[in-house]
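Me: I am new to this structure and would like to go through its charged pairs and its sheet. Could we begin with the terms?

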Amino acid sequence: MPPTCLLDALGAVPDPRDDKGRSFPFAPILALLVVGILLGRRSPGAIVQLADDYGGDFALLLGFPRRRLPTASMLSKLLPRIDVRALEAVLREWIATRLPPDDALVVNMDGKCVRGSADRAAQLPGVHLLAAFVPRFQAVLAQLRVDTKTNEHKAALELLNILPTRPGGYIITGDAMFTQTEVCQAVRDRDDDYVLVVKDNQHALVVDIDAGRAFAAQAATFSPRRARAAEGTDTRSTVRTNDREGARPRGAPNVGEHGAPDSASEVTRAEAGFPRAPLGHSQGQGV
């Protein structure tokens with residue numbers, strides 16, 4: 001059973017330090033970093049300042065054995081050694097356990113440049129991350145760094161591979177950059193759905209979508225009852241037209257049921273209330 005407490009989940013991240021250099025337990029240090037980032041602290045010095053802001057019990061609540069936090073220099077030396085992939089995997093799995101299991105979850109794939117990561121003086125580009133973000137819970141389920149030479153839709157394939165599966169599935173959304181056959185197929189292979197933007201530069205796809213929408217709009221106005229009524233009206237009109245074909249040649253019989261002469265016209269007269277012609281009288285005598 002996955003851990004429900006974040007502190008317990010962080011215990012699965014490997015400690016990169018030697019046994020002799022472990023002055024503080026590793027899981028509480030990670031918890032301190034997580035809390036500090038969530039509170040908007042962007043530097044090790046600002047993070048360790050939390051002990052003064054929230055009192056000595058703050059360290060005990062995070063799992064430290066004493067009312068003391070690591071120093072800023074200690075955090076600065078430790079941060080580059082942390083296994084980022086292992087930490088993200090633990091956070092990803094822990095967040096997934098906190099989500100409702102049955103509802104289809106909308107996940108937005110979007111790429112952003114990390115604030116402050118670019119160095120214009122050294123002409124170094126910023127760190128670009130592609131994330132799977134859940135707007136409903138304001139949570140990132142998965143993210144990875146996108147190399148400057150890699151297209152985002154290629155990175156999206158890797159992102160879908162590390163996105164945790166769930167019983168309710170996902171509805172993957174994204175801009176036109178991800179409207180690619182490979183991305184759509186990867187989503188369907190996961191038994192998930194997608195809603196992606198289509199622009200005019202994909203002309204054939206736009207034409208297919210417009211044709212499908214036009215057909216759906218026409219089908220929505222189709223009524224089987226109206227169709228059957230229209231067919232019945234046409235049939236009755238044809239029958240009445242045939243009854244009014246005009247005078248028949250002398251001696252030509254009316255064809256009624258089973259080909260019996262004048263049976264159809266006799267039935268018509270009876271229904272209309274006209275007396276039947278006496279037996280032996282011809283049509284000419286009746287006129």
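Reply: A salt bridge is a side-chain nitrogen of Lys or Arg within 4 Å of a carboxyl oxygen of Asp or Glu. This is a predicted model, in which local features need pLDDT of at least 70 and side-chain atom pairs count only at pLDDT 80 or more, while totals for chains, interfaces and linings use all residues. Residues are numbered from 1 along each chain as its sequence is written, and side-chain values use heavy atoms, with hydrogens and water left out.

Me: How many salt bridges does a search of the whole structure find?

Reply: The search finds 9 salt bridges.

Me: Which residue forms a salt bridge with K154?

Reply: The partner of K154 is E182, with the closest N and O atoms 3.2 Å apart. K154 lies in helix α8 (residues 152-162) and E182 in helix α9 (residues 181-189), so the pair ties together parts that are 28 residues apart in sequence. Helices (H or I, at least four residues) and strands (E, at least two) are DSSP runs, numbered from the N terminus.

Me: What about R67, which residue does it bridge to?

Reply: R67 forms a salt bridge with D57, and their closest N and O atoms are 2.9 Å apart. R67 lies in the loop between α5 (57-61) and α6 (72-78) and D57 in helix α5, so the pair ties together parts that are 10 residues apart in sequence. R67 is exposed, with a relative accessible area of 59%, whereas D57 is partly exposed at 44%.

Me: Changing topic, in what order do the strands of the sheet run?

Reply: The 5 strands form an open sheet in the order β3-β2-β1-β4-β5, with mixed pairing. Two strands pair if DSSP finds at least two bridges between them. The edge strands, each pairing on one side only, are β3 (139-145) and β5 (193-196).

Me: In which sense do β2 and β3 pair?

Reply: Strand β2 (residues 128-134) pairs with β3 in the antiparallel sense, over 6 bridges. A132 has A142 in β3 as its bridge partner.

Me: Which strands does α8 touch?

Reply: Helix α8 packs on the sheet and touches β1 (105-113), β2, β3 and β4 (170-174), where contact means heavy atoms within 4.5 Å.

Terms used:
Buried means under 20% relative accessible area, exposed over 50%, partly exposed in between (1.4 Å probe, protein chains only). Axes are lines fitted to C-alpha atoms, for helices over the stretch in contact, and angles run from 0 to 180 degrees between N-to-C directions.
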